[in-house]
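Here is a short briefing on one protein chain. Look at the fold as a whole, then at its charged pairs.

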Amino acid sequence: MAELIKIYEENPSPKEIQKVVNVLKNGGLIIYPTDTVYGLGCDITNNTALEKIAQIKGVKLEKANFSFIVEDLSNLSEYASINNQNFKILKRNLPGPYTFILPGSNNLPSVFKKKKTVGIRVPNNNISKALVAALGNPIVSTSIKDDDEVLEYTTDPELIVEKWGKLVDLVIDGGYGDNVASTVIDLTNGDPEVIREGKGDLSIF
């Protein structure tokens with residue numbers, strides 16, 4: 001059964017963050033808070049863990065539309081190609097409850113080499129930011145939801161453990177999560193195109 005650990009978003013404990021990072025580095029799966037719904041994530045460099053997430057979600061890894069959770073925009077060019085216009089859009093809206101679809105770069109991990117695009121997230125959540133910073137590379141992530149519905153039980157960490165406890169290694173209790181997913185915006189064709197309406201102000205696009 002997955003371990004449930006409490007981490008406070010206002011001031012995440014470095015000791016507890018390191019505990020989670022150790023699980024990630026050992027190929028473990030975690031469920032963690034973001035600024036929208038709770039996410040299911042693993043270390044981007046661990047192919048075995050990536051395969052596990054794809055299996056849980058019922059998709060082939062090379063075709064999966066998982067998000068890359070990054071700490072900030074500084075190392076984004078490792079995974080995505082960004083022109084000046086798109087960089088300004090990202091800088092204006094991140095961190096925030098948005099997933100931006102961008103052209104993939106040539107440095108993508110081998111399992112994602114065939115993907116032409118990547119989804120990038122910088123959640124406005126201190127726990128997720130601290131995790132990525134301590135890990136030293138992105139977390140590959142997908143929201144914990146069935147089909148396209150974000151259900152109530154995905155917001156309560158204790159209920160999350162009940163449902164997901166046998167599938168993941170660790171669940172972070174960062175308080176109640178939101179039940180509205182991120183807004184997905186495609187930046188691959190020039191003007192921003194909203195692919196999925198979720199949390200966040202759409203009027204800015």
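Buried means under 20% relative accessible area, exposed means over 50%, and partly exposed lies in between (1.4 Å probe, protein chains only). By that scale, Arg 121 is buried at 5% relative accessibility. This is a predicted model: local features need pLDDT of at least 70, side-chain atom pairs count only at pLDDT 80 or more, and totals for chains, interfaces and linings use all residues. Residues are numbered from 1 along each chain as its sequence is written, and side-chain values use heavy atoms, with hydrogens and water left out.

**Overall fold**

- The protein chain has five helices and ten strands. These are DSSP runs, numbered from the N terminus: helices are H or I with at least four residues, strands are E with at least two.
- The radius of gyration is 16 Å, close to the 17 Å that the globule rule gives for 205 residues, so the chain is as compact as a globular protein of that length. The radius is taken over C-alpha atoms, and the rule is 2.2 Å times the number of residues to the power 0.38.
- The C-alpha trace spans about 45 × 35 × 35 Å along its principal axes.

**Packing and surface**

- Of the 205 residues, 50% count as buried.
- Among contacts with a separation of 6 or more, 65% are between residues 24 or more positions apart. A contact means heavy atoms within 4.5 Å.

**Salt bridges**

- The structure holds four salt bridges. Each is a side-chain nitrogen of Lys or Arg within 4 Å of a carboxyl oxygen of Asp or Glu.
- Glu 3 pairs with Lys 19, with the closest N and O atoms 2.7 Å apart. Glu 3 lies in strand 1 (residues 3–6) and Lys 19 in helix 1 (residues 14–25), so the pair ties together parts 16 residues apart in sequence. Glu 3 is partly exposed at 35% relative accessibility, and Lys 19 is partly exposed at 34%.
- Asp 35 pairs with Arg 121, with the closest N and O atoms 2.4 Å apart. Asp 35 sits in the loop between strand 2 (30–32) and strand 3 (39–43), and Arg 121 in strand 6 (residues 117–121), 86 residues apart. Asp 35 is buried, at 11% relative accessible area.
- Lys 199 pairs with Asp 178, with the closest N and O atoms 2.9 Å apart. Lys 199 is in the segment after strand 10 (193–196), and Asp 178 in the loop between strand 8 (170–173) and strand 9 (183–186). Lys 199 is partly exposed at 30%, and Asp 178 is partly exposed at 23%.
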